[in-house]
Amino acid sequence: MIKKSLEITPGIEPLYGTRDENLRLMEDGLQVLIDLRSDAIHITGPLEGVERVERIFFDYESLRKSGVVLQNGELKGMLRLVIADPAVTLKSLVDSGKQRSAGVKRMVQPRSPNQRKYVEAIEQGDMTFGIGPAGTGKTYLAVAMAVSALMAKRVSRIILVRPAVEAGERLGFLPGSLQEKVDPYLRPLYDALYDLLDQDKVDKLLERNVIEVAPLAFMRGRTLNDAFIIMDEAQNTTNEQMKMFVTRMGSGSKAVITGDMTQIDLPNPKRSGLFEALQVLDGVEGIRFCHFEDVDVVRHHLVQRIVRAYDSYGRAQQQLPLELGDAGLATPGLEAAEGAEAPPKPISKPQ
């Protein structure tokens, strides 16, 4: 165990996080004790942990002086990555984020180890599946990577696709043109675009079909060359639709398929194309699968607990029928063993 003191520099306070939550994160992850004093920060713990905390403080100060301002949610996510992997530093994360964010309003930065694997899989592979619960950044990161690739001229267009399946409601007849009818289903994709680029720029790219947002039905018969193709809500595709989509890729294209197996809105959930694709395409060279968990949720902190609660409830419900069935089967067997008489059969009345 060693003890080290760091000088408190003006402007370092945001690194502490809300109610010092980032300091607690460092303490728990690196097995150190951080004591804030009026004149210095005292760090006690094993040598490696103390040195890594010192590097975090040094990197943050260096980034702050260079004009990099990190929001707390973004900073907390980056700290999780630094703590999880000794080879990762705050500076290296910001540098890689800047490279991905050329021409984009916001820095494209993963906030958990699984998100980092997902982003790296998209960069290195031609087809990536992102599977996990709501709020884990599957769609947002995919759209961000697509916009980054377009701005860097690595692709010439973006195709955003979604199956037009209603989430438990029946909307009935929708007035307007065909595009106006399907736009409500595609709104989450538009939201991500407007968050990453200025509205005028998005509108111009949509008008010129450089960015195309379309329902899955529009994809049949097409070959998509030099494009970044994203299919969102893939759990709501049929087996035939999924096969049709994954065979649309042309030369120079990338594809990202995202979905949540717990939110299938098909009449027959067992016919989900995403479920079949996970089995059929497993082991195919060039295809990567990234799975997210409740700890990867980056929305309001309550969403993480909600996802966990539904998951626990679902597992309990799956076990309940089995236990009741076992109990029901045990009773007749017991009665037969004890020589109990079977109930009399009803006497049919003459016609």
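**Rings, helices and a loop residue**

Reader: Start with Phe289. Buried, exposed or partly exposed?

Author: Phe289 is partly exposed, with 23% relative accessibility. The cut-offs are under 20% relative accessible area for buried, over 50% for exposed and in between for partly exposed (1.4 Å probe, protein chains only).

Reader: What should I know about the model first?

Author: It is a predicted model: local features need pLDDT of at least 70, side-chain atom pairs count only at pLDDT 80 or more, and totals for chains, interfaces and linings use all residues. Residues are numbered from 1 along each chain as its sequence is written, and side-chain values use heavy atoms, with hydrogens and water left out.

Reader: OK, rings. How many aromatic pairs?

Author: Two. Rings of Phe, Tyr and Trp (its six-membered ring) pair if their centres lie within 6.5 Å; planes under 30 degrees apart are stacked, over 60 edge-to-face, the rest tilted.

Reader: Which type is the pair of Phe129 and Phe289?

Author: Stacked, because the planes are at 20°, with the ring centres 5.0 Å apart. Phe129 lies in strand S4 (residues 127-131) and Phe289 in S9, so this pair also links distant parts of the chain, 160 residues apart. Phe129 is buried at 0%.

Reader: Switching to helices. How do H5 and H6 pack?

Author: H5 (residues 113-124) and H6 (residues 138-151) are at about 35°, axes 11 Å apart. Axes are lines fitted to C-alpha atoms, for helices over the stretch in contact; angles run from 0 to 180 degrees between N-to-C directions.

Reader: Which residues make that contact?

Author: From H5, Gln115, Tyr118, Val119, Ile122 and Glu123; from H6, Lys138, Leu141, Ala142 and Met145. Contact means heavy atoms within 4.5 Å.

Reader: What about H2 and H4?

Author: The axes of H2 (residues 47-65) and H4 (residues 90-100) come within 8 Å and cross at roughly 40°. H2 and H4 are therefore oblique. Under 35 degrees is roughly parallel, over 145 roughly antiparallel, 65 to 115 roughly perpendicular and the rest oblique.

Reader: Which residues touch there?

Author: Ile56, Asp59, Tyr60 and Leu63 of H2 meet Leu90, Lys91 and Val94 of H4.

Reader: Now Thr89. Where is it?

Author: Thr89 is in the loop between H3 (72-84) and H4. Thr89 is buried, at 16%.

Reader: What does Thr89 touch?

Author: Arg55, Asp59 and Val82, leaving out residues up to four places away in sequence. Its C-alpha is 8.6 Å from that of Leu79, ten residues away along the chain.

Reader: Last one. How many helices and strands overall?

Author: Eleven helices and nine strands. Of the 351 residues, 42% count as buried. Among contacts between residues at least 6 apart in sequence, 71% join residues at least 24 apart.

Notes:
Helices (H or I, at least four residues) and strands (E, at least two) are DSSP runs, numbered from the N terminus.
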